[in-house]
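Visitor: I'd like to learn how to read a few features off a model. Could you walk me through it?

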Amino acid sequence: MKLRVLPVLAGAAILALGLAACSGPAEATGTPGAEGSSSSGGFAVDENTLVFGVVPDSVDTETNYQPLMDYIAEITGKTVEYHESTDYAALIEAAVAGKVDVASFSGFTYVTATNNGAKLTPISSIVTEEGQEPGYFSQAIVPADSDISSIEEFKGKKVCFVDPSSTSGYLFPSYNLIEAGIDPKTDITPVFAGKHDVSVQKVGEGVECEVGFAEDSEVEKSDAVKVIDETMVPGAPLVYSSTLPDDVSKKLIDGLSEITIDDIVAAGIDSADTDSFRSVFYATKPVDDAYYDLIRDICKETEAEQCKA
């Protein structure tokens, strides 16, 4: 298995996946009170409610985020309303329309949303183990009994992706296919599973998908697939709407920038002190808009339609 790390992109084979390349960096601000934020601010619903937006990446999405939402309610004094979008595109639309106040995005979703006018500011990224840095793996997977050992062998196959706006389930896989000399539009049969765990399941079954891609946290749960390649992806951001009032923004920044699960438990969130939550959350580490420039670079290299503003 090869580990791909992509600190700089240069000289890659450029293959159009769709329309023109990405626009420039997002206009989201890094501090409350800067342009895009105001002292009065605006909420998705009302001043007593914060809407927390997520994409249902797995069947456990709401359960996984509930302790974090409880904690956000505790530090802000607001009711936190769970908003589960049907897919990545729907979450992007909700963000652009100002219908979410706080959200857990993929890096690609964040870049796409801000390219399209969403006023968002990244706060931090979740890590799952002590000493870990933000980031996770996009893994190329095949059935456990498969003889396939490289991405080059994906040519001509039915390939499972997650969603056209998924960082680890589409953007990075598309770039890696291009690097392997494979056109993701013409050299394979793409299948969009919708969720990471479903992509893993379909690849394991080997019928609808012969090979595929998914996030490492879902791949490791299955014995039906094996990993033949992986790429480090910038950590998914927790973001807030830049239109929120300054006092609310500050509470979110202070409370979510660098927090551990023990801090959340100490704040009285008993639901965080469980094995299930500890398996998906250890702490948060601060990230900023520039952290996602690698994704913007890959957008330019692939000319991915989903990057287009």
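Visitor: Where is the place of Asp 289?

Guide: This is a predicted model, and Asp 289 sits in the loop between strand E12 (283-286) and helix H10 (293-302).

Visitor: Is Asp 289 buried or exposed?

Guide: The cut-off for buried is under 20% relative accessible area. Asp 289 has 15%, so it is buried.

Visitor: What does the side chain of Asp 289 make a polar contact with?

Guide: With the side chain of Tyr 110, at 2.5 Å. Asp 289 and Tyr 110 are 179 residues apart in sequence, yet their C-alpha atoms are 9.3 Å apart in space.

Visitor: Tyr 110 makes me think of cores. How many residues has the largest nonpolar core?

Guide: The general idea comes before the case. In soluble globular proteins, nonpolar side chains tend to be buried together. Here the largest nonpolar core has 31 residues, and Tyr 110 is one of those with the most contacts inside it, a list that also includes Phe 105, Leu 171 and Ile 295. Helices H2 (88-96), H3 (107-115), H4 and H10 are the elements that give two or more residues to this core. H2 gives the most, with five residues.

Visitor: Which residues does Leu 171 touch?

Guide: Leaving out residues up to four places away in sequence, Leu 171 touches Phe 108, Ser 166, Ile 295, Ile 298, Cys 299, Thr 302 and Ala 304.

Visitor: On to covalent links. How many disulfides does a search of the whole structure find?

Guide: One. The disulfide joins Cys 160 to Cys 209, S to S 2.1 Å. The pair links distant parts of the chain, 49 residues apart: Cys 160 is in strand E7 (158-161), and Cys 209 is in the loop between helix H5 (196-205) and strand E9 (211-215).

Visitor: Is the link of Cys 160 and Cys 209 right-handed or left-handed?

Guide: Right-handed, with 55° about the S-S bond. Both Cys 160 and Cys 209 are buried.

Visitor: How do I read a pair of aromatic rings, and how many aromatic pairs does the count come to?

Guide: A pair of aromatic rings is described by the distance of the centres and the angle of the planes. The count comes to nine aromatic pairs. Take Phe 154 and Phe 213: their ring centres are 5.5 Å apart and their planes stand at 65°, so the pair is edge-to-face. Phe 154 lies in the loop between strand E6 (136-143) and E7, while Phe 213 is in strand E9, so the pair ties together parts that are 59 residues apart in sequence. Both Phe 154 and Phe 213 are buried.

Visitor: What about Tyr 291 and Tyr 292?

Guide: Their centres are 4.9 Å apart and their planes are at 80°, so that pair is edge-to-face. Tyr 292 is buried, with a relative accessible area of 0%, whereas Tyr 291, at 27% relative accessibility, counts as partly exposed.

Visitor: Which residues do ring pairs link into a cluster?

Guide: Phe 154, Phe 161, Tyr 170, Phe 192 and Phe 213.

Terms used
Residues numbered from 1 in each chain as written. Predicted model: local features only at pLDDT ≥ 70, side-chain atom pairs only at ≥ 80, totals over all residues. Heavy atoms only, no water. Disulfide = S-S within 2.5 Å. Helix = DSSP H or I, 4+ residues; strand = E, 2+ residues; numbered from the N terminus. Buried < 20%, exposed > 50% of the residue type's maximum accessible area, 1.4 Å probe, protein only. Polar contact = N/O pair within 3.5 Å; in protein donor to acceptor, adjacent residues only side chain to side chain. Core = buried A, V, L, I, M, F, W, Y, C linked by side-chain atoms within 4.5 Å. Contact = heavy atoms within 4.5 Å. Phe/Tyr/Trp six-rings, centres within 6.5 Å; stacked < 30°, edge-to-face > 60°.
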